[in-house]
Amino acid sequence: MTAPSFGARLTLAICLLVLATQALSWWAVDAKLREAAVSEAESRLRSAAMVAQRVIEFRGQRLLQGVEVLAADYGFRAALASGDAATMRSAFANHRQRIGADLLWVLDIDGAPVLDQEESTPALIESLLVRQQSHPRGSHKRAWRNLPHQFVIAPIMAPRRIGWVVAGFEIDRELALELKQLTGSDLAFRVPVDALDDGEYTAAEPGSSLAAADTAALIDAPTNGQSMRRWQLSGGAFLAASQSLDQVRMDVLLNEDELYRELRRLRTELGLLALLALAGSVLVAMWLARTVTRPLQRLAAAASRIGQGDYAHGFSLSGRNGSSRQDEIGALANTLEEMRGGIQAREETIAHQAFHDALTGLPNRARALEFLREALERGGEGELGPALLLMDLDRFKDINDTLGHPVGDEVLVRVATRLGAVLQTDFESAIVARLGGDEFLIVLPASDAGQAERLAASLLASLGEALELPQMQLMLDASIGIAVAPVDGTTPASLLSRADIALYDAKQGGARWQRYRPGRDAQQGERLALANDLRLALARDEISLRFQPKLDLRSGQCSHAEALLRWQHPRLGNISPELFIPIAEQTGRITELTRWVLRRSLEQLRQWQQEGFTLGVAVNLSPHDLYDIELPGFLAELLEEFGTEPALLVLEMTEGAVMRDANQGVQMLHRLKALGVRLAIDDFGTGHSSLAYLKRLPVDELKIDKSFVLALTSDGDDAVIVRSTIQLGHNMGLKVVAEGVESEQVLAQLRSYGCDHAQGFLISRPVHAAQLRDWLRLQQPAPARKAHAR
Amino acid sequence: MIRWSTVALVCVGLCDDGYAAVAVRVVDADGPVTDAVVSLHGPSVPAPAVPATSYNLSQRDLRFDPHVLVIPRGASVSFPNRDRVRHHVYSFSPARNFEIKLYSGTPIDPVRFDTAGTVELGCNVHDWMLGFIVVLDTPWWARSDQSGEASLADIPPGDYELRVWHSRLPPGSPGWRQPLTLPLAADERIEVMLQLQPAPDLEPPSLGFGS
């Protein structure tokens, strides 16, 4: 059940109030009207009674005068004095007719009838004469034959009173009707029961202006009291007031219907007015409720919009003149508007923080993924999907480590600026985001692979110029992995993952950018599993060393054994170093691995020496190891620990590793060189380093990459490269080692080139230390071993 | 009926010459009553002497003058009108029923009263006028004086009826009557108590024209 709205309740309340007021005033006015009607009725009844009484008394006086004239008539008196009954009777009838009396009695001085006239009642006569004494010229209202009569009495004077003339006049319907015309009220005259005469006569219809039936009903009506009362008669309801006229009861009656007709009319008008007022007040109440609730509804709607996160629309409640409202609701609206503004500003800040990188001001990962998702949705049907360029700076960790985070941050900001500049110039629809660390993601909303690669080239070119920092100039390099939808993925996650793989491949392959190659993600998954397993591999003794001998072509002796890592995975079996070394490098485990290899190698070297073999050991360094500034110290301690002659240890590293950060690399090489160990450039020929540059390096050996050596005898170009490299190395005072020697022809050719050392399957595969020992015994006669054993 | 109540009889003296005298005192509730007519009646009472000339009962200032005229039976009464207006004198009394229609001056014929009794006189023109003629068939009568006393002398002893009448007795009243035997005891006096009506208003109303 929902509560009624405020507006509805307000309307209802006002209506009820008005209704109550109306009802109250209607009731009050009605009561007043009724009171007025009653008072009017009383007044009318009173005045009607008074008029009627006056008229009757006036009639009495008129009758009395008639009777007095009769009583004083000399002839009449003479006739009376004559004592002649016939004369008296005739004179009597004559006069009775003359005054129009219903009854005419002549009484002697004692009240006895003089003639045997119509029956008179002694009691009536006596009572009349008694009353006559107190009302000498009055008229007396008495019952005669149970009908109300008006009696007048005149004395007969001759000259002193000798008797009475009594005349009676019925108070009849005729009189009542006449009075009704005068007074507007009905009148009834009746004789109360206690005034009835001896009962010889039954009750007859009293004199009344009412209908016969009503008149008859009046006979039994109560007679006591004078106050107004209500009688229900067949002619309707009557308000009646009664008054005693001597012994006759006069009832004055007002027909209630007639009386209240005006009242009813007033009441109807009043009711109509009340209804009108009610209707009007309902309208006013509804209008009022609307003026109150409409702005509230608007406020509620506005608040609801704010709640749903729509802050864009400001609002204000306009007053009547167009300016904003000044009342409480206006204040509420203003407050809400301020709140909206505040929330909007804060949310924009938060949203910016949520979607932007604090350092560079670039969109962050979330924003970039959002943008990518939008782009994917937009480009769902088109040929061109969004393209992702995932970039990271090479060796950024080293910048942070060596130059400090402030510099690293500065670098990131500069890079962000340059990337942004590129996009602004050529790829306005693209965005660049910082995912974290030195990782940047560029999203091209609609692109093909070519465009993405052009962009990659532009971006990398922009980083080509040296970065002018307050302390130094810094050369930056970066790698980019590219993934293009929908070919390389249709979801932000898959695209990002594949761009990541491509980036990895770019770094691995030495390319500056790399488009994702189909199928790589499966390998990548494997890599991740391996990275996890690698953590435990050392502890579980799954990793071991193999040694591949290096043959001194001049002496025919094995001069060194290169230590090579083997990982015997419990589930996957033998795992190639080419697979897990990069994983170790990426997961930061390479340092630990390198140190383990160094320790094991020197340990093995000491064992060989104890067994009387004369040879050195070669250990590969990862490019990362060149940034391990603690490595020289560690190595010195290790040499000390095993009492190893430093010159027996050869550290091999690719030229790319050194070239990645020339300064740092060279510096590290010098520190290592200072320990007395020998340094070798591994896989020489695959990099881009110049020989001039190589000359500055404190290296002792070059190892020609086996790709040149394998086809030495069949490929003229390779032969030229190998021979000139050997000559070059020798010219620079370096020993030259050829790897990948797998045939006698190659070996012979190398000998003819003057190559110093050879390594390869022809000589020996990488083998266990024990196997190598056997191999060495075959190669080195025991005396020689002994000589070396010392 | 008007009831009579006799209160007391007091003293009638007997004179030395063999004739008796009667003294009567007439009172009512207010005290002594003046102008009561006290008379003695009986078979032995001689007829009164009738004078040759008639009595006069004039009308003066719209009144009868005198108010009460006592005459012997058989006497005549003239009704001279001393007023400038006419009068219509009448009587419906059984003792003498007559009328003298509108006249002025003295009517030619006096009215003779042959029946003893009280005659009430009225004027048909002026209702307030009231007069009485008391027709007596006895020579022995007297009017009470201011002290209410009336005396009769030289009455032979014997049985009589003492009658007292006054104009303020109720209409038709025969008057106070009581048998009386003379002579009375030496100091016996008779006191008569009458119940009288208030004096009638005999003043003419102010008519607005000169009389």
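Hi everyone, let's start with one pair of residues: in strand 11 of chain B, B:Arg112 is the bridge partner of B:Ser76. Keep in mind that we are looking at a predicted model.

That pair belongs to a wider pairing. Strand 8 of chain B, residues 76–78, and strand 11 of chain B run antiparallel to each other, with two bridges between them. Zooming out, three strands of chain B form an open sheet in the order 4-8-11, and the pairing is mixed. Strand 4 (55–56) and strand 11 (111–112) of chain B are the edge strands; each has a single partner strand, so one side of each has no neighbour in the sheet. As a reminder, strands of a sheet pair through backbone hydrogen bonds, either parallel or antiparallel.

How confident is the predictor about chain B? The average pLDDT of chain B is 84, and 90% of the residues score at least 70. Among the elements of chain B, strand 7 (residues 68–72) has the highest mean pLDDT, 95, while strand 10 (residues 96–103) has the lowest, 86. Please be careful with residues 1–15 of chain B, where the pLDDT is below 50, although this stretch has 44 contacts in the model beyond near neighbours in sequence. Where pLDDT is low, the predicted coordinates should not be read in detail. For the model as a whole, the scores are ipTM 0.78 and pTM 0.48.

Now, where do the two chains touch? Ten residues of chain A are in contact with ten residues of chain B. On the chain A side, helix 2 (74–82) and strand 4 (161–170) each supply at least two residues. Helix 2 of chain A gives the most, with three residues. By class, this side of chain A has seven nonpolar residues, three charged ones and no polar ones.

Let me finish with helix 12 of chain A, residues 449–464. At 1.5 Å a residue, its 16 residues should span 22 Å, and the end C-alpha atoms are 22 Å apart, which agrees. Which residues of helix 12 are buried? They are A:Ala452, A:Leu455, A:Ala456, A:Leu459 and A:Leu463. These five cover an arc of only 105° around the axis, so they sit on the same side of helix 12 of chain A. On the other side of this helix, A:Gly450, A:Ala461 and A:Gly464 are exposed. And what do the buried residues of helix 12 pack against? Their partners in chain A are strand 10 (387–393), helix 11 (405–426), strand 12 (439–444), strand 15 (478–484) and strand 16 (513–515).

How values were computed. Residues are numbered from 1 along each chain as its sequence is written. Chains are lettered from A and ligands numbered from 1 in the order in which they are written. This is a predicted model: local features need pLDDT of at least 70, side-chain atom pairs count only at pLDDT 80 or more; totals for chains, interfaces and linings use all residues. Two residues are in contact if their C-beta atoms, placed from the backbone, lie within 7 Å. Helices (H or I, at least four residues) and strands (E, at least two) are DSSP runs, numbered from the N terminus. Ala, Val, Leu, Ile, Met, Phe, Trp, Tyr, Cys and Pro count as nonpolar, Asp, Glu, Lys and Arg as charged, and the others, Gly among them, as polar. The expected span of a helix is 1.5 Å times one less than its number of residues. A residue is buried if 20 or more other C-beta atoms lie within 10 Å of its own, exposed if 12 or fewer, and partly exposed in between; C-beta atoms are placed from the backbone. The arc is that of the directions from the helix axis to the C-beta atoms. Two strands pair if DSSP finds at least two bridges between them. pLDDT is the predictor's confidence in each residue, from 0 to 100.
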